[in-house]
Amino acid sequence: MPVDTKNITGSVKFYTSKDGTKVPIKVIHRKDVKLDGSNPVILTGYGGFNSGISVGFVGSYASFINRGGIILEPGIRGGDEYGEAWHEGAMLQNKQNCFDDFIAAAEWAIKEKYTNKNKLAISGGSNGGLLMGAMVTQRPDLFKAVICAVPLLDMVRYHKFLIARYWIPEYGSADNEADFAWLLKYSPYQNIKLGVSVPNMLVTAGAYDSRVDPLHAKKFVAALQNNVGQKNPVMLWIDFNSGHGTGQQTQQIIDNQTMRMTYLMNQLGMQ
């Protein structure tokens, strides 16, 4: 069946981040949506490597949106929305800016009555998976559920595995004293807090990932599952037929997207 998008509308709005920076955010929802603070929302982001928000087809989210869901995608720092300066605004020692931008987007969505924290899910992969890890360790109170896909999570040792040494210009290296200080401050694995429960979480990894070693997902989930204060379920899902998410057969793409959306819609009370 063709994807039905006739009742879906999109716009770009702006909100203010922690340091006063104005950040754009894509807002996509059904035309008759009511801003009463009760809508299920998926907030997604990336925030790095000069990769920003852009115009795209809403197809994979259409079913969610047609059921009353809202997609929010902020153009947080680290992307290319305002040139290289915007990218550099979340590189190296500035990485916390993209986390602050994403937190501010969630707070804006609640303040503007798009949703509430019990109807707010977040999703991101790769560098966006690092973003998700930072969200659950910095603001576990703000979200209902999380999908953290093929993530970087141990930023103190990330550069020692696979091709990650090529990302040192973006993140820095803990082999350098100055870099170590800022990496340790935000690295999700090293910032798991004893006695603090993170939101419901699905962490995914590719067994044959040649970019981000699946050890990040495995050790992060293991640490959370063994945290005495963890009350919400944290699950690990490993795809033994793919790597970093690319090169999948069409049926794999469909199955994996179905799995992720089923999880999120279930967590948001839509099933």
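**Close-up views of a predicted model**

**View 1. Helix α8 and what sits around it.** Just after α8, Gly269 takes a positive phi of about 75 degrees. Helices here are DSSP runs of H or I with at least four residues, strands are E runs with at least two, and both are numbered from the N terminus. This is a predicted model, where local features need pLDDT of at least 70, side-chain atom pairs count only at pLDDT 80 or more, and totals for chains, interfaces and linings use all residues. Residues are numbered from 1 along each chain as its sequence is written, and side-chain values use heavy atoms, leaving out hydrogens and water.

Gln252, Asn256, Met261, Tyr263, Leu264, Met265 and Gln267 of α8 are buried (under 20% relative accessible area; exposed is over 50%, partly exposed in between, with a 1.4 Å probe and protein chains only). Their cover includes β3 (41-44), α1 (62-66), β5 (120-125), β6, β7 (200-206) and β8 (234-239), with contact meaning heavy atoms within 4.5 Å.

**View 2. Where α3 crosses α4.** Helix α3 (residues 96-111) packs on helix α4 (residues 127-138) at about 70 degrees, with the axes 10 Å apart. Axes are lines fitted to C-alpha atoms, for helices over the stretch in contact, and angles run from 0 to 180 degrees between N-to-C directions. The two helices are therefore roughly perpendicular (65 to 115 degrees). From α3, Gln96, Cys98, Phe99, Phe102 and Ile103 meet Leu130, Leu131, Met132, Ala134, Met135 and Gln138 of α4. Sorted by class, that contact has nine nonpolar, two polar and no charged residues.

**View 3. Met155, tucked into a loop.** Met155 lies in the loop between β6 (145-149) and α5 (168-171), and is buried at a relative accessible area of 0%. Not counting residues up to four places away in sequence, Met155 touches Leu130, Tyr171, Leu183, Tyr186, Ser187, Pro188 and Gln190. Tyr189 is 34 residues from Met155 in sequence, yet their C-alpha atoms are 7.8 Å apart.

**View 4. Positive phi without glycine.** Asn50 isn't a glycine, but has a positive phi of about 65 degrees. Asn50 is in the loop between β3 and α1 and is partly exposed, at 33% relative accessible area. Lys113, in the loop between α3 and β5, has a positive phi near 65 degrees too. At 48% relative accessibility, Lys113 counts as partly exposed.

Key:
Angles under 35 degrees count as roughly parallel, over 145 as roughly antiparallel, 65 to 115 as roughly perpendicular and the rest as oblique. Ala, Val, Leu, Ile, Met, Phe, Trp, Tyr, Cys and Pro count as nonpolar, Asp, Glu, Lys and Arg as charged, and the others, Gly among them, as polar.
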